[in-house]
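Load the model in your viewer and switch to a cartoon view with side chains ready to show.

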Amino acid sequence: MCSSDLHALTSVPLTLPSHSTLFTGTQPPYHGVHNNIGYKLNDANLTLAEILKDNDFVTGAVVSSFVLDSATNINQGFDSYTDDFELIRKNGFAVGRRGNEATSLAVHWLKKHIDDDRCFLFLHYFDPHSPYDPPEPFAQKHPENLYAGEVAYTDQCVGEFLQALKKLGLYDSTMIVIVADHGEMLGEHGESEHGFFLYESEIKVPMIIKPAGKTKSRRIEDIVGLVDVMPTICYATGIP
């Protein structure tokens, strides 16, 4: 498993622009998405899902926030794009679906396509966002830092998905990329969340890549970014 720990950077600490970079391998001045509101990913952009679909992959996505609704055109190239959900509310704010529901939908998609030769699934979690309201027992375990509780809950959801891959006999043959779209300031420099400043706390993100097959783990010390994910996946799958 190759990881880039604290040397991975997002292009912009906002969900829609950073996912546009993730999917296109280009920066905001090129793909044209600069904010969550009022922007759509133009059809002129070539996305990872489009490239993989053209190379005989079945493509699917499970998203957990209205910010990545298909109305933003971020769904280019996906055969199925599961964004139809009733918004849950945290302290009166509409945010999205819980991580356990996202995991369940993703596992259902895997089982549906287990006999397909080449599959690409994008699984999106949104829980570590304000207002922080982790489910139990995570709220009780982190009463002084509910954001940490949200992260711990999401970590459990990711773990459950990885266990499902193993139970289905897909883990070893699957390339897995785990990455965040931005960080969170948590009060540093007077910013409670993200999207205004460009300090390290909101542009440094975790990134873990497990190639298909069994390989030894190593840490990448070079600076990498979300912009590198698309070409890395293409290279690993033999696509120019």
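Start by selecting helices α4 and α6: their crossing is right-handed. This is a predicted model, so keep that in mind as you go. Helix α4 covers residues 99-112 and helix α6 covers residues 146-167, and the two pack at an angle of about 15 degrees with their axes 9 Å apart. Since angles under 35 degrees count as roughly parallel, α4 is roughly parallel to α6.

Now show side chains at the contact. On α4, pick G99, N100, T103, A106, V107 and L110; on α6, pick Y153, C157, E160, F161, A164 and L165.

Next, move to a sheet. Select β9, β2 and β12: these 3 strands form an open sheet in the order β9-β2-β12, with mixed pairing. Which strands stand at the edges? They are β9 (204-205) and β12 (224-225), each with a single partner strand, so one side of each has no neighbour in the sheet. Zoom in on β2 (residues 8-9), which runs parallel to β12 and is joined to it by 2 bridges. Click A8, and then its bridge partner in β12, V224.

Last stop: salt bridges. The whole structure has 6 of them. For one, select D79 and K53, whose closest N and O atoms are 3.2 Å apart. D79 sits in the loop between β3 (58-62) and β4 (80-82), while K53 belongs to helix α3 (residues 48-54), so the pair ties together parts that are 26 residues apart in sequence.

Technical notes. Residues numbered from 1 in each chain as written. Predicted model: local features only at pLDDT ≥ 70, side-chain atom pairs only at ≥ 80, totals over all residues. Heavy atoms only, no water. Axes fitted to C-alpha atoms, helices over the stretch in contact; angles between N-to-C directions. Helix = DSSP H or I, 4+ residues; strand = E, 2+ residues; numbered from the N terminus. Parallel < 35°, antiparallel > 145°, perpendicular 65-115°, else oblique. Left-handed = near helix turned anticlockwise from the far one by under 90°. Contact = heavy atoms within 4.5 Å. Pairing = 2+ DSSP bridges. Salt bridge = Lys/Arg side-chain N within 4 Å of Asp/Glu carboxyl O.
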